[in-house]
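Please look through the sequence and the model shown here before reading the notes that follow.

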Amino acid sequence: VEAVHLIADGKAPRIPQPEEGATYEGIQKKENAEISWDQPAAALHNWIRGHDKVPGAWATIDGQVVTFYGSSLLDASVPAGQELAIKGASRPGLVTKNGLVIFGNDGKMVLVRNLQFEDGKMIPASKYFSADETTALELTEEEKKMAEDIR
C-alpha cells in the first residue's frame, strides 16, 4: 500500500537499471535480417532458424525479397535440382523435390522448405519454378453430370 501511495504522490524512487549484464536483445527488424552468404552452412541454418517466423531471414531472388522459412542442415550428396540464382550467394541454390538447397562457404548444404514473397504469398520451396503455373480442372462426363445434379 505504501508503494502505491508513493507512486500516486510522485515520490517513488527511480533507480535506472544498469545495462551491464543485461541479456535482452532488441526487437529484430526485417531490414537487419538479410542473409549474409559468406558463412558456413551451420551459420546460415542458425540465421534462418533464428529469424523464423519473425522477422524472417531474407535474400533477393529475381529482383524481389524472398523470405526463407523452415531450414535444416542437409548431410547428403548434392541432390538433383534446378539452379536458382540468389543475389550475393557465391553458388546458386538448387530447387529440388524437397525444397531449396543453399550452400555455405564451407560447401555444406542447408535445406529450406518454405519461401514467402513480398506480396505475402508463401509456397513450398520445391514449387518455386511452378508457383505461377495454374492447371485447369478437367471434369469427366460423369463428374459434369454430378456437378449439375449438385447445382
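Does Arg-151 count as buried or exposed? Arg-151 counts as exposed, because its relative accessibility is 76% and the cut-off for that class is over 50%. The model is a predicted one, and a search of the whole structure finds three salt bridges. Side chains of opposite charge can pair when their charged atoms come close.

- Lys-144 forms a salt bridge with Glu-141, with 3.7 Å between the closest N and O atoms, and both residues lie in helix H3 (residues 141-150), three residues apart, which is about one turn of the helix.
- Lys-144 counts as partly exposed at 41% relative accessibility, whereas Glu-141, at 59%, counts as exposed.
- Asp-149 is paired in a salt bridge with Lys-145, the closest N and O atoms being 3.3 Å apart; because these two residues are four residues apart in helix H3, about one helical turn separates them.
- Asp-149 counts as exposed at 57% relative accessibility, and Lys-145 counts as exposed at 53%.

**The salt bridge of Arg-151**
- Arg-151 forms a salt bridge with Glu-148, and their closest N and O atoms are 2.7 Å apart.
- Glu-148 is partly exposed, with a relative accessible area of 49%.

**The surroundings of His-51**
- His-51 is placed in the loop between helix H2 (41-50) and strand S1 (57-61), and this residue counts as buried because its relative accessibility is 6%.
- Leaving aside residues up to four places away in sequence, His-51 touches Gln-28, Ala-33, Gly-56 and Ala-57.

Technical notes:
Residues numbered from 1 in each chain as written. Predicted model: local features only at pLDDT ≥ 70, side-chain atom pairs only at ≥ 80, totals over all residues. Heavy atoms only, no water. Buried < 20%, exposed > 50% of the residue type's maximum accessible area, 1.4 Å probe, protein only. Contact = heavy atoms within 4.5 Å. Salt bridge = Lys/Arg side-chain N within 4 Å of Asp/Glu carboxyl O.
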